[in-house]
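Have the sequence and the 3D view open, and take the points in order.

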Amino acid sequence: MKKHLSESWQQFRTSFAVEESQNTTIETGKAVLEAAKTFKEQSTNVEALKLLLQNSSSLLDILCSPLTQVLRARLPFLPIGIALLRFDREVTKQYPSLEDCVFIVSQVAYLESVIEILSLYPAVNWDANLNITKVLTKQLQKISQIELNYHTASQAIACFHQSELAPAFNKVLLARLMAVNIPKANAILLTKRIAWNTHRYMIKAWIQSGDAVKNVIQNSLRQWYKEQQKLQSVDAYLQRYLTAKSLENIFDENFAFKDIYVPLKAKYVNENPETVDLEKWAKEILLNPNAKEQVIFIQGYSGSGKSFFCKMFADWIRQHLYPIWTPILIEIKDIISFEPSLESILEAKLQKIFFSSDDSWLKNHHIRFLFILDGLDELQSKPRINFNIEAFIKQVARFQHEYNSHNEMGHRVLITGRAMPTQSIHYLSCGFKSVEILEIDKQLQEIWLSKWEILQGNKDNTAALWHFLQSDECPPQVQQLAQEPLLLYLLAAMYRDGKLTVDKLKQKNQQIAKTVIYQEALNWVLTKHHLEGDRSTDSGNQLNIGIANQEAKDLKRILTEAAACVVQSGGKFASISMLEARLEEDETAKALIIKAKKRLIKEPIKTAFAAFYICSTDKPESRVEFFHKSFSDFLFAECLRTHFKIWTQYYEAEDGRQLITTDAQMNWEIYDLLGFGRLTLEIVEFAIGLLIESQNFPWEQLFRRLENFYRSWCQGKFIDSAEDTLPQKKLRQLHKYGIQKLGQRQVDIYTGLNVMILLLELHRYAQERDDLKEQIVFYPSRQAEEEFYFTNQLLHIINYSDCIQPENFNHVVGQFLSNANLNGAILSGVDLSNANLCGTNLSGANLSGAILSNANLSNANLSGAILSGAILNSAILNSASLNNAILSSAILNSAILNKAILNSAIFSVADLSGANLSNADLQGAILRGAILTNADLSDADLSGVDFSSTILRGANLSRANLSNDIFGDIVWDENTNWDDVQGLDTAINVPEALLQELWLA
């Protein structure tokens, strides 16, 4: 049987022996307000209840009262509803009906929720329109006609925001909010939050009602307590992990990152290049009812601000959308085990977060989660799990679909990471909405610095830094660093403290400006920590600067070894036990062990500074973890420099100078440092920059020692041994600390390739210095003994490297081959697509059948090279020299050869469709049977070129030179295809015979 709210209200009036008041002067809602005030001062008052029933049509009448007054008073409403139910039972000697209970409790719970949510916005004037009563009268009349039966009442108990009561109550409140000019979108969000939040107060009311509803409500008291504890655990998590983290201070500053946070910008991935406000975009996707099945994917480079955005966005959700959405921030690296479904993974994580064994978190209709999964690329650093990024993306897509299609729980997922893996791109069209974080531009930098200026109160200092960052005197590397949030802070803080001056940066070589900044940042933080953190608390005692400096040096030494552990463990974290063992095994670090165990590792790492590393104590084993990948890369480069110096130092012996580190010791240390995987470009740049900063560094000595190792490695001396090998020793070390992604061959290959990278970098640097370019010359494939004598050493290395994984050599070394000496090298059939071969000497090299698609060969020397059958699609050959090169049957679709020199090159049957040959020097080249469809030959020198049987359909010959005194006229025959050739009217020295033939044609 259905029952109206007005009928239920009249029933309570009858129970309390009161009639509806005929006094029209009493303001609507005043009776509820007075009752609330009375119950705040007294636990029970029957007269207050009678006046309430007599002078109001419902408890929601209070929404006609001045809300600001109600919010400030924090008036209780639950006691009113509970008292009504209890007194009704005492008077009638009967339990109230389920419908009566729900009518009363839902109203007081809703009002409690109104007070809680609206109190979050004290600056809002909720009473801007004093003529509220007339506005709400119509909506309140509709409330009195709401009907409930047993089924709909039970639904309201089970989930209020999904019941028929929620939209009816929300309409009253929405009218109230919009009457005071709250924007409609904001008002709707507020009403939704209040409806979702009402459930917790209904639970509280049922618990406090006790015997009054004992035989009416089916749930037991135990179930209500359990549900209440769940909601409380969620509140605790949000407060402890989201609010607290957003308020954490930066290092030892008196402000938090949120105080200098600026909204990031982003651009769409695989869509239009439009720039969007990242936070606004994410909010719109989350709140769009038509985007429920879309996963939000945010990609960005290391240091772009992905992780901090996650923290700020999660806390924004907590402040403005909870409990519509409950944000759960999960770092993917902290997921211990991966299950067949994302649902299982998340249930396990929720149980850990909320200290609960309940496996139904995802099925709870009162909690809708937004899972923020930070660090998708962290899956690559989990070698012990049989899992990969593509499998995880499939799980996410399936989870998002199932929870927004087959069931209506509506959970959402936001993921961050670096670029989406290529094999997973097709999932983007199946529910992924993706953007890429952009660097902090000048506009955001100015906003950031204005916040910094307010916090620091140093206008002149901040203005000077801003002026320098925008000036032409600022090195490009410094300007690039200032586009990262954390590094912008470090620049500003060091500049503020006088540790980084404009003059110092101006004087630095562009190549090492970045290294200098990181070096200064490390010294600044170490000094700052010891000067401020270690100061004695005893009055009158002064800090012993010498001791502090020594401790800073020791800590720096340990940090570099920690970086070696982290880089070798995958780039994020490593176990403390690995660090301790490394220090024990390191001859140069034994003096630090006592200090390390007493202070720097026992207290560690948690008391030092979060800029470089933190100690995670909630893991099975304590571990060292770098906050920013660039710092681990820089510190690992510091570790390399330390060993480079040691390898080049001598001591005086009776029989003459002797190296401090023997060849055997150095060979092991090379495997120990470099046998983990590939060196990144950033690590190598830091390492060379640090050597450049080292005064009077013995470059030639380091080169000779590394070259000797490289020659021995090429001959297989370190792995082809009947005794225990160095690769095996390193492998056992890695496996001992859980790094099981490598085998003995991988260790050997990565060590040799990394040494090759270092030699290539030393060679490239030396060629820029007159005092070194004769002494340091590196030939990766050995030096040809006579002109055009082929060498096959590099081909053997490539084949050896690729035996563990296709294209492994190119993946590791390809980006470091610029300006290398590869003349005469046999590289037939190798894959060097996307490689950096800019300025590389490939004269006389055999590249037949090689894959060079998208490779950068600008300024490369390919004179006399054999490129028959090579694939150079979209390769860049600007200003490259290909004199006498053989490119028969080569494929150069869309290749770029601006200003390339191709005198007498052979292109017979080559495919040059769409190639850019503008300004190229092709004098005497042979292009018999070549395909030049739509090729750009504008301004090219084509004198003497053989175009016999060549297809020139649609080619552009504007201003091209077709004849000169040395090479003569171009050559063509009846099979040459001139269809739709463009620009011939502006070409230079066009042979008369060609003009006549084309005219006749």
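1. A word on contacts before the details. Please keep in mind that this is a predicted model. Among contacts in the protein between residues at least 6 apart in sequence, 61% join residues at least 24 apart.

2. Next, the overall make-up. The protein has 1001 residues, and 56% of them count as buried. Its secondary structure comes to 34 helices and 16 strands. The accessible surface is about 43500 Å², with 47% of that belonging to carbon and sulfur atoms.

3. Now for the interior. In soluble globular proteins, nonpolar side chains tend to be buried together. Here, the largest nonpolar core has 330 residues, and Phe77, Tyr489, Phe636 and Leu942 are those with the most contacts inside it. Helix α6 (residues 98-118) gives this core its largest share, 14 residues.

4. Is Leu346 buried or exposed? Its relative accessibility is 2%, so Leu346 counts as buried, the cut-off being under 20%. Leaving aside neighbours within four places in sequence, Leu346 is in contact with Ile330, Leu362, Phe371, Leu373 and Phe399. Trp361 is 15 residues from Leu346 along the chain, and their C-alpha atoms are separated by 9.2 Å.

5. An α-helix has 3.6 residues a turn, so residues three or four places apart point the same way.

6. Finally, the empty spaces. Rolling a probe the size of a water molecule over the atoms shows where empty space is left. How many cavities of 30 Å³ or more does a search of the whole structure find? The search finds four, and the largest cavity has a volume of about 80 Å³.

7. The lining of that largest cavity includes Trp196, His199, Arg200, Tyr322 and His366. By type, its lining residues divide into six nonpolar, four polar and one charged. Helices α10 (184-209) and α11 (221-246) each supply at least two lining residues, and the largest share, four residues, comes from α10.

Terms used. Residues are numbered from 1 along each chain as its sequence is written. This is a predicted model: local features need pLDDT of at least 70, side-chain atom pairs count only at pLDDT 80 or more; totals for chains, interfaces and linings use all residues. Side-chain values use heavy atoms; hydrogens and water are left out. Buried means under 20% relative accessible area, exposed over 50%, partly exposed in between (1.4 Å probe, protein chains only). Contact means heavy atoms within 4.5 Å. Accessible areas come from the Shrake-Rupley method with a 1.4 Å probe; for residues, only the protein chains shown count as cover. A nonpolar core is a set of buried Ala, Val, Leu, Ile, Met, Phe, Trp, Tyr and Cys residues joined through side-chain atoms within 4.5 Å. On a 1 Å grid over the protein atoms alone, a cavity is a set of points where a 1.4 Å probe fits but cannot get out, and a pocket is an open set with protein on both sides within 12 Å along at least five of seven lines; lining residues have an atom within 4 Å of a point. Grid points are joined across faces, edges and corners, and a volume is the space filled by probe spheres set on the points. Ala, Val, Leu, Ile, Met, Phe, Trp, Tyr, Cys and Pro count as nonpolar, Asp, Glu, Lys and Arg as charged, and the others, Gly among them, as polar.
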